Amino acid sequence: MNHLAELIEEAFEKRAQLSPHTVDSKLKAAITETLHLLDSGKARIAEKIHGKWHTHQWLKKAVMLSFRITDNYLFEEGYTRFFDKVALKYKHADFQTFHNSGVRVVPPACVRYGAFIAPNTVIMPSFVNIGAYVDSGTMVDTWATVGCCAQIGKNVHLSGGVGIGGVLEPPQANPTIIEDNCFIGARSEIVEGVIVEEGAVISMGVFIGQSTKIYDRENDEIIYGRVPAGSVVVPGTLPSPNGKYSLQCAVIVKRVDEKTRSKTNLNELLRLTEEDLKTE
């Protein structure tokens, strides 16, 4: 992929000069090949290497360049028309393609070309944007949104109306990442490159961005930008410094290991028990 990365990096520095009319065939082919790599899962915007997430900037740059070199065009998709720069992922999929992939796509789910959907996933009526990566065993529930370049792990449940924010620009910024075996409750929003670590449970209606205070109840500390592995998180408030008002926050009410998580009902995990309250 090195030759592709070099071409993309060089072109990105001159992107102001690019348009559908000025792009040369060599660069257009490189961008097309890069989008195919993303669509097939052979490349991904971010990956965990030696325990840390790394963002491949050149892949994000390829996505941005693809918008510059492509005009909007009219295309038909059965029940309606679209006018956009990016085709839909399953435009040419036939019965055998779906059967072999094990992916279930419920109408009117919309997945843009350049997003990877792994085998044994369920895509309910929802939206998955270009550059996103959705791993195996995951459920993207009704009206959930997986933003541009977002990374969703294995066996994740994105409940109804969940928003996983896209982070396309700047290229060096990490995308929003939901690691393996997480549950994101209905109408919650995880945005701005926040990382939800493995096995975390997010209650319904929790909003977390980079500036959101995440209060760890057990350790009496505030963290930003990540939800630690195994955390059980609910919406809450913290008092302002002058005590005159309260500000929205996310509260880690407890941490659970994989064994406890597998044996415990989600509602029970999210409920504060009398024993929990004794530690307040």
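**Helix packing**

Author: In this predicted model, helix α1 (residues 2-13) and helix α3 (residues 57-68) pack with their axes 9 Å apart and at an angle of about 55 degrees.

Reader: Is α1 roughly parallel or oblique to α3, and why?

Author: Angles under 35 degrees count as roughly parallel and 65 to 115 as roughly perpendicular. The angle between α1 and α3 is about 55 degrees, which makes α1 to α3 oblique.

Reader: Which residues of α1 and α3 make the contact, and how many of the residues in it are nonpolar?

Author: From α1 the contact draws on Leu-4, Ala-5, Ile-8, Glu-9, Ala-11 and Phe-12, and from α3 on Trp-58, Lys-61, Ala-62, Met-64 and Leu-65. Sorted by class, the contact of α1 with α3 has 2 charged residues, no polar ones, and a nonpolar count of 9.

Reader: At what angle do α1 and helix α2 (residues 25-40) cross, and is the crossing left-handed or right-handed?

Author: The axes of α1 and α2 come within 10 Å and cross at roughly 120 degrees, which makes α1 oblique to α2. As for the hand of the crossing in which α1 passes α2, it is left-handed.

Reader: How many aromatic pairs does a search of the whole structure find, and why is the pair of Tyr-73 and Phe-75 classed as it is?

Author: The search of the whole structure finds 4 aromatic pairs. In the pair of Tyr-73 and Phe-75 the ring centres are 5.0 Å apart and the planes stand at 35 degrees, so the class of this pair is tilted.

Reader: Are Tyr-73 and Phe-75 buried or exposed, and which residues form one aromatic cluster?

Author: Tyr-73 has a relative accessibility of 32% and therefore counts as partly exposed, whereas Phe-75, with a relative accessible area of 5%, is buried. The aromatic cluster is formed by Tyr-73, Phe-75 and Phe-82.

Reader: What is the angle between the ring planes of Phe-116 and Tyr-133, and how many residues apart are the two?

Author: Phe-116 and Tyr-133 form a tilted aromatic pair, 4.8 Å centre to centre, with 40 degrees between the planes. This pair links distant parts of the chain, as Phe-116 belongs to strand β7 (residues 116-117) and Tyr-133 to strand β10 (residues 133-134), and their separation is 17 residues.

Reader: Which residues is Cys-110 in contact with, leaving aside its neighbours within four places in sequence?

Author: Cys-110 is found in strand β6 (residues 110-111) and, with a relative accessible area of 14%, is buried. Leaving aside those neighbours, its contacts are Leu-88, Ser-126, Phe-127 and Val-128.

Reader: What separates the C-alpha atoms of Ile-202 and Pro-235?

Author: Ile-202 lies in strand β20 (residues 201-202) and counts as buried at 0% relative accessibility. Not counting residues up to four places away in sequence, Ile-202 touches Phe-183, Ile-184, Gly-185, Ser-188, Val-196, Val-227 and Val-233. Along the chain Ile-202 and Pro-235 are 33 residues apart, and their C-alpha atoms are separated by 8.9 Å.

**Backbone**

Reader: What is omega at the cis peptide bond that joins Glu-169 and Pro-170?

Author: Most residues other than glycine have a negative phi, and most peptide bonds are trans. Pro-170 is placed in the loop between β15 (163-164) and β16 (177-178). The bond joining Glu-169 and Pro-170 is cis, with omega about -10 degrees.

Reader: What is the phi of His-50, and where is His-50 placed?

Author: His-50 counts as exposed at 82% relative accessibility. Although His-50 is not a glycine, its phi is positive, about 50 degrees. Its place is in the loop between β1 (46-49) and β2 (52-55).

Conventions
Residues numbered from 1 in each chain as written. Predicted model: local features only at pLDDT ≥ 70, side-chain atom pairs only at ≥ 80, totals over all residues. Heavy atoms only, no water. Axes fitted to C-alpha atoms, helices over the stretch in contact; angles between N-to-C directions. Helix = DSSP H or I, 4+ residues; strand = E, 2+ residues; numbered from the N terminus. Parallel < 35°, antiparallel > 145°, perpendicular 65-115°, else oblique. Contact = heavy atoms within 4.5 Å. Nonpolar A, V, L, I, M, F, W, Y, C, P; charged D, E, K, R; others polar. Phe/Tyr/Trp six-rings, centres within 6.5 Å; stacked < 30°, edge-to-face > 60°. Buried < 20%, exposed > 50% of the residue type's maximum accessible area, 1.4 Å probe, protein only. Left-handed = near helix turned anticlockwise from the far one by under 90°.
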